[in-house]
Structures are given as structure tokens and as C-alpha cells.
Amino acid sequence: MGVIQDTLEIVRKRNPGEPEFFQAVTEVLESIEPVIERHKKYRDARILERIVEPERVVIFRVPWQDDKGQFQINRGFRIQMNSAIGPYKGGLRFHPTVCLSILKFLAFEQVFKNSLTTLPMGGAKGGSDFDPKGKSDNEVMRFCQSFMTELFRHVGPDTDVPAGDIGVGGREIGYLFGQYKRLANEFTGVLTGKGLNWGGSLIRPEATGYGCVYFAIEMSKTRGETLEGKVCTVSGSGNAAQYTVEKLIQVGAKVVTMSDSDGFVYDKDGINEEKLAWIMDLKNVRRGRIREYAEKFGVKYFPGKRPWGIECDCAFPCATQNEISGEDAKTLLDNGCTLVAEAANMPSEPEAIQQFLAKRILFGPAKAANAGGVATSGLEMAQNSMRLPWTREEVDARLRHIMTTIHKNAFDTAAEYGKPGNLVVGANIAGFVKVADAMLDQGLV
Ligand code: NDP
């Protein structure tokens with residue numbers, strides 16, 4: 001359709017050298033074609049051209065001093081993509097690959113994801129090419145303090161509320177919050193993922209993984225299935241992966257792989273609660289490598305490989321973008337995989353998504369399947385505003401309800417637009433319509 005291709009051409013020309021951003025925009029725009037065709041109001045108001053342009057991009061220098069006293073310089077970013085339905089909200093990523101393209105793709109996805117959660121949150125993303133791996137706690141603290149010294153003037157509890165992502169966990173959020181508090185002289189809910197005794201929400205650490213499994217359960221129900229007894233492959237061993245595995249174990253599935261950027265482990269007997277606790281200590285406290293699991297439990301380690309060659313019923317990518325290629329997807333399908341739920345952001349390449357959809361397996365796209373993380377961040381913001389914490393059971397019940405609602409919304413929207421069962425189309429259209437209508441209501445902004 002003209003307007004979609006015209007907009008993609010503008011994006012391509014205006015954002016040279018940003019392949020991930022272009023990939024994310026292409027996926028969304030092409031799948032919302034039916035809604036653009038049906039509603040002239042979006043074409044007249046040039047909503048597509050507006051929605052692909054960030055409201056604001058901040059890029060800044062982050063100087064800090066390492067333990068040897070040497071000066072180090074990193075680059076910091078915040079992409080404030082869209083605030084039509086609420087204050088900007090989205091994680092911070094610290095990883096050497098961080099660049100404008102990756103953060104813009106993540107911020108763009110975040111806009112539609114946040115819209116799907118039913119909570120009032122706009123979309124943003126930020127971070128730095130700083131690598132926390134191998135750094136001492138003091139180095140991480142000095143970096144975070146310097147990062148927040150600039151970021152603090154662009155964020156606030158009613159303006160922009162960052163959270164964690166790759167390389168930003170509880171430790172980093174603590175240092176960032178401490179510095180914000182000093183600079184702003186206020187104790188407010190400016191970040192989510194905070195410690196429990198200083199404003200954090202119960203279930204926030206678990207939320208992305210738990211939410212992804214809740215979403216997979218909802219998908220399975222549409223085929224009269226459950227996850228019980230299903231063999232599952234999981235990639236990653238960070239926050240999203242750990243709690244995906246925890247919930248999968250709780251619902252009776254058998255998880256046989258986890259990974260990190262160096263390789264994966266294959267435990268054919270299944271990772272049980274005890275072994276998972278060992279992994280959590282390895283990753284969150286000792287900050288070691290997944291290879292050590294293979295040494296400890298006598299299982300096979302595959303250096304430099306991803307786990308998609310292992311036979312499974314269900315696959316849960318929980319590491320990073322573009323980690324399932326078209327070839328990996330073919331292998332998964334040939335091996336009988338019938339469900340893929342994305343806990344990571346954009347983990348499947350376009351060729352992989354095409355194959356999953358063509359084979360009509362249950363495919364849960366990231367912006368729906370992993371929305372539990374940001375949804376629970378939204379619940380943390382609500383508790384901070386009320387100055388009242390909810391119990392674990394209460395937050396978990398709300399998370400479960402939100403994931404069920406997101407699934408139903410995406411499922412029903414896909415059917416409404418003539419693509420039954422296609423949750424990519426369903427999630428993209430449902431997420432888009434709410435934001436686009438808010439933009440129309442607010443005039444030319
Ligand atoms: P963590 O930093 O806690 O863990 C990331 C994991 O992925 C680690 O095991 C890491 O291995 C691995 N990984 C990172 N980069 C690569 C790479 N290039 N190739 C292979 N493996 C890699 O991050 P999270 O678990 O928070 O994030 C994982 C994914 O989930 C991301 O896509 C993130 O955007 C998404 N997500 C996270 C949310 C959250 O609440 N945390 C919310 C929604 C989505 P290593 O240690 O070797 O780098």
C-alpha cells in the first residue's frame with residue numbers, strides 16, 4: 001500500500017545506518033496495513049509519519065574513572081519516542097553494542113507494548129555502550145552516577161520513568177536512583193525495578209519471565225493444550241530467562257537449555273528448582289558464565305552456539321534481538337516445535353517470523369508476550385504514587401490478568417482484521433490504534 005511504502009522510504013532515507021530500527025518499523029507498519037486502509041483519519045493526519053519520528057533524542061557524554069584511576073568515556077542515550085498515552089517509560093540497556101539504531105528499535109516497540117498493557121505509559125528506551133561485565137561494583141557505581149548526572153534533567157516521575165534491561169539490574173537501578181535523589185532532592189518513583197525496601201514492587205523482578213509464561217499458557221489454551229510436560233528450550237540466563245524458567249518449572253514443563261553470549265548448556269533431565277537457584281547465584285551474585293553449570297552438573301556445553309538445534313515442544317528466546325534466524329526457525333519447526341513465546345525483544349528475524357506464521361504454530365511476539373515486565377513497572381509506579389505497597393499475591397494476580405487481557409485483545413483484533421490466530425498483526429494493530437487515536441485527540445503534536 002502506498003502510504004506504508006512511502007513512510008518506510010522516508011524512514012530509510014532519514015535514518016541511514018539504522019538496520020534494527022528499520023526492521024522494527026517495517027514489521028509494525030506492514031502488519032497494520034488493514035487498519036490504515038480502513039481508516040482515512042490516520043492517513044489524513046499523517047499518523048504514520050509522525051509515529052516513526054521520536055519526540056526527542058538525547059545523546060550525552062558519560063565520563064567516569066576506573067579503579068586504576070584512568071579516565072573512561074562512554075556515550076549515553078535516551079530516546080523519548082511517544083508520550084501520547086502517558087509519561088515516557090522504557091528500560092535502560094548497558095551493553096557494548098548499544099547504539100542509536102538498537103535503542104530506537106526498542107523505543108519504537110515499547111510504544112505499542114506499553115499501549116497493550118492497558119496502563120497509561122508512553123514509550124522510551126535508553127542506555128549506554130558501557131559494559132558492566134568484568135567491572136567492579138565501585139566502577140559500576142561511578143559510571144551510574146555520571147550517567148544519571150546528565151539523565152536526571154530529562155526524567156521524572158511524571159515525565160519519563162526508566163527501568164532495567166540488558167546489563168541493568170537491581171544493582172544499577174540502586175546506584176542510578178541514589179544519584180537522582182541527590183540531584184533532584186526528592187524521593188520519587190523516577191525509576192522502576194527499585195529495591196523492595198525503597199519503593200520497589202514485589203514480583204517486578206519476576207514479571208517479564210512470569211508474564212511470558214502466562215502468555216504462553218493463554219496461547220496454548222486456544223488449542224486446548226497446557227504447558228505441562230512440554231520440553232522447552234530457553235536462551236539467555238539473565239533476568240528474563242531466569243524467571244521464565246522458574247515459572248515453566250512451576251507449571252510442570254521441562255526446561256532443557258539456558259545460555260549466555262558464549263554458548264549454551266543442554267540438560268536433558270531438565271533444570272529443576274535447585275539447579276535454577278544455583279544458576280541465579282552464578283549469574284546474579286558470582287557473575288560467572290553458564291559454562292560453569294555444565295562443569296558443575298556434568299551436562300553438555302555447546303560453546304559459541306544457540307540452543308535452537310535441540311529438540312523441543314516450545315521455545316522461549318530470552319537473550320537478545322535477532323537470535324533466531326530463518327535457518328534456526330526451520331530447525332525448530334522440523335524438530336516439532338509448536339510454540340514460540342518471545343521474552344526478549346525482537347529475537348526472531350523476519351524470515352523466522354514468516355515461517356512460524358506460515359506453519360500456524362503458536363507464536364507470541366515480544367511486544368505482547370514480554371509486556372509483563374513493563375506492566376509490573378506500571379504497577380510499581382501506581383504503588384509509588386499511592387505510597388502503599390501491594391502484596392505478592394495481589395501484584396501477581398494483576399500481572400496474570402494483564403497478560404490474559406493482552407492475549408485476548410491481540411487474538412480478537414487479529415480475527416477482526418481477517419487474520420485469525422496471527423498475534424503479530426493483532427498485537428500491532430491493537431497497540432497502534434490506542435496510541436494513534438490519542439495522537440489525533442491531542443492535535444498536531
Ligand atoms: P540480562 O542482562 O539480565 O540478561 C541478558 C542475557 O542475554 C544474558 O544471559 C546475556 O549473556 C544474554 N545476551 C545478551 N546479549 C547477547 C548476545 N548478543 N548474544 C547472546 N546472548 C546475549 O537482560 P534481561 O534478561 O533483562 O534482557 C533479556 C532480553 O529481554 C532483552 O531482549 C530485553 O530487552 C528483554 N526484556 C527484558 C525486560 C526486563 O524486565 N528485564 C522486559 C522486557 C524485555 P551475557 O551475560 O553473556 O551477556
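The lining of the largest cavity is made up of four nonpolar, no polar and four charged residues; here Ala, Val, Leu, Ile, Met, Phe, Trp, Tyr, Cys and Pro count as nonpolar, Asp, Glu, Lys and Arg as charged, and the others, Gly among them, as polar. The model is predicted: local features need pLDDT of at least 70, side-chain atom pairs count only at pLDDT 80 or more, and totals for chains, interfaces and linings use all residues. Residues are numbered from 1 along each chain as its sequence is written, and side-chain values use heavy atoms, with hydrogens and water left out.

The residues that line this cavity are Glu 27, Glu 109, Glu 342, Met 346, Ile 353, Pro 365, Ala 366 and Lys 367. On a 1 Å grid over the protein atoms alone, a cavity is a set of points where a 1.4 Å probe fits but cannot get out, and lining residues have an atom within 4 Å of a point. The space in the largest cavity is about 50 Å³, a volume being the space filled by probe spheres set on the points, which are joined across faces, edges and corners.

## The ligand and its shell

Around the ligand stand 24 residues, of which Asp 165, Thr 208, Ser 261, Arg 289 and Asn 345 come nearest; a residue is near if one of its heavy atoms lies within 4 Å. By class, the shell holds six nonpolar, twelve polar and six charged residues.

Which domains supply the shell around the ligand? Domain 1 (3-187) and domain 2 (207-360) each give at least three residues, with bounds from an automatic or database domain assignment.

## Atoms close to the ligand

An N or O atom in the side chain of Arg 289 is 2.5 Å from an oxygen atom of the ligand. For the side chain of Asp 165, the corresponding distance from an N or O atom to a ligand oxygen is 2.6 Å. A polar backbone atom of Asn 239 lies 2.9 Å from an oxygen atom of the ligand.

Methods. A polar contact is a pair of N or O atoms within 3.5 Å; within protein, one must be able to donate a hydrogen and the other to accept it, and residues adjacent in sequence count only if both atoms are side-chain atoms. On a 1 Å grid over the protein atoms alone, a cavity is a set of points where a 1.4 Å probe fits but cannot get out, and a pocket is an open set with protein on both sides within 12 Å along at least five of seven lines; lining residues have an atom within 4 Å of a point.
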